[in-house]
Amino acid sequence: MNNRILILTAAFVAIFSLQMSGTALAENCLADKDFRVYLNLGGSTIDIDPLNTRLASKGYSEFSDGFGTAGIGAYIKGTGRFLIGLEAAGLAGERTSFTLGSDHYSSRLYGGYGFLNAGYIVFSSKRFEVFPLVGVGFGKVNMKFGKTSFDEILDNPQNETYITTYGMLLNASLQTDFKIWASKGDSGMKSITLGIRGGYIGTPFEAGWYQNEFELSGAPDGGITGSYFAIVLGGSGFLTADHLKNKFIK
């Protein structure tokens with residue numbers, strides 16, 4: 001109970017301090033910065049061979065290692081050519097159907113990940129940029145399967161099983177942006193870019209499989225490891241201190 005009181009007190013003090021110093025923070029840290037927001041849509045290949053081997057040995061359908069991805073990222077261009085920001089993406093895997101004995105089942109894989117990334121613009125022209133990104137984050141993949149026959153569900157209502165693998169992740173990628181529209185106004189330059197991005201995600205530690213937060217013994221290797229590719233649509237804007245005062249700071 002004492003620990004909870006201390007945590008709540010610390011949180012209140014932190015929120016109050018941030019609110020009181022909001023104007024100074026905006027002027028000193030956020031103003032005169034290049035802000036960028038990206039949407040990406042693509043696919044990834046994740047190593048699920050250990051999982052498929054175990055599924056096949058029990059008569060389950062194997063999954064494809066291809067996943068669809070969709071995500072968003074936000075970045076700030078700091079001093080010089082450096083970028084820093086956050087990104088998150090969801091993973092949508094294949095849905096399979098199979099029969100065990102007289103029972104009918106369906107299963108699927110899905111998940112997501114998030115990263116804190118840092119990058120450096122290695123090439124920049126009026127309309128074209130190239131920059132690598134490296135990051136650290138967290139991700140997970142869920143496997144869900146259950147009966148698909150109405151009568152079988154009525155006979156056995158507790159038919160669904162849900163297990164997950166998760167852990168720390170490392171990200172390395174290369175992105176290219178092509179400026180397709182630009183405009184200059186009172187708040188500075190604004191632009192829209194279209195680009196491509198390719199990279200690799202790995203895990204520095206071994207990962208297992210869990211159910212209800214308990215690790216399953218004898219499970220195959222888990223985690224998210226593999227390459228990805230995405231089409232990237234971005235928007236950027238350059239904010240000044242005066243613009244922040246007029247638009248955001250009341």
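Tutor: Let's start with a term: a residue is buried when its relative accessible area is under 20%, and exposed when that area is over 50%. Keep in mind that we're looking at a predicted model.

Student: Okay, so is Asp 34 buried or exposed?
Tutor: Asp 34 belongs to strand 1, which covers residues 33-46. Its relative accessible area is 16%. The cut-off is under 20%, so Asp 34 counts as buried.

Student: Which side chain does the side chain of Asp 34 make a polar contact with?
Tutor: Look along strand 1, where Asp 34 sits. The gap in this polar contact is 3.2 Å, and the partner is the side chain of Arg 36.

Student: How many Å separate the C-alpha atoms of Asp 34 and Ser 236?
Tutor: Along the chain, Asp 34 and Ser 236 are 202 residues apart.

Student: Let's zoom out. What share of contacts between residues at least 6 apart in sequence join residues at least 24 apart?
Tutor: For background, the protein has 250 residues, with 5 helices and 11 strands. Among the contacts you mention, the share joining residues at least 24 apart is 70%.

Student: And what percentage of the 250 residues count as buried?
Tutor: The test here is a relative accessible area under 20%. Of the 250 residues, the part that counts as buried is 35%.

Student: Which residues touch the most other members of the largest nonpolar core?
Tutor: That core has 20 residues. Helix 3 (49-57) and strands 3, 4, 6 and 7 are the elements that give two or more residues to it. The residues touching the most other members are Leu 51, Leu 109 and Met 143.

Student: How many residues make up the other core, the one with Tyr 38 and Leu 133?
Tutor: This core lies apart from the largest one. Tyr 75 and Ile 121 are among its members too, and the count is 7 residues.

Student: Now Thr 69: which residue's backbone nitrogen does its side chain reach?
Tutor: Thr 69 lies in strand 2 (residues 66-77), and at 7% relative accessible area it is buried. Its contacts beyond four places in sequence include Asn 40, Leu 41 and Gly 90. At 3.4 Å, its side chain reaches the backbone nitrogen of Gly 43.

Student: What about Thr 164: which residue's backbone oxygen lies 3.2 Å from a polar atom of its side chain?
Tutor: Thr 164 is in strand 7 and is buried, with a relative accessible area of 10%. Among its contacts beyond four places in sequence are Lys 140, Asn 142, Trp 209 and Tyr 210. The backbone oxygen in question belongs to Val 141.

Student: Is the aromatic pair of Tyr 113 and Phe 115 stacked, edge-to-face or tilted?
Tutor: Tyr 113 is buried at 9%, and Phe 115 is buried at 3%. Their ring centres are 5.4 Å apart, with 55° between the planes. Stacked needs under 30 degrees and edge-to-face needs over 60, so this pair is tilted.

Student: Last one: which residue's ring does the charged end of Arg 108 sit over?
Tutor: Rings show up elsewhere too, with 9 aromatic pairs in the structure and a cluster linking Tyr 60, Phe 98, Tyr 105 and Phe 145. The charged end of Arg 108 is 4.3 Å from the centre of its ring, and that ring belongs to Tyr 110.

Conventions:
Residues numbered from 1 in each chain as written. Predicted model: local features only at pLDDT ≥ 70, side-chain atom pairs only at ≥ 80, totals over all residues. Heavy atoms only, no water. Core = buried A, V, L, I, M, F, W, Y, C linked by side-chain atoms within 4.5 Å. Buried < 20%, exposed > 50% of the residue type's maximum accessible area, 1.4 Å probe, protein only. Helix = DSSP H or I, 4+ residues; strand = E, 2+ residues; numbered from the N terminus. Polar contact = N/O pair within 3.5 Å; in protein donor to acceptor, adjacent residues only side chain to side chain. Phe/Tyr/Trp six-rings, centres within 6.5 Å; stacked < 30°, edge-to-face > 60°. Lys NZ or Arg CZ within 6 Å of the ring centre and 35° of its normal. Contact = heavy atoms within 4.5 Å.
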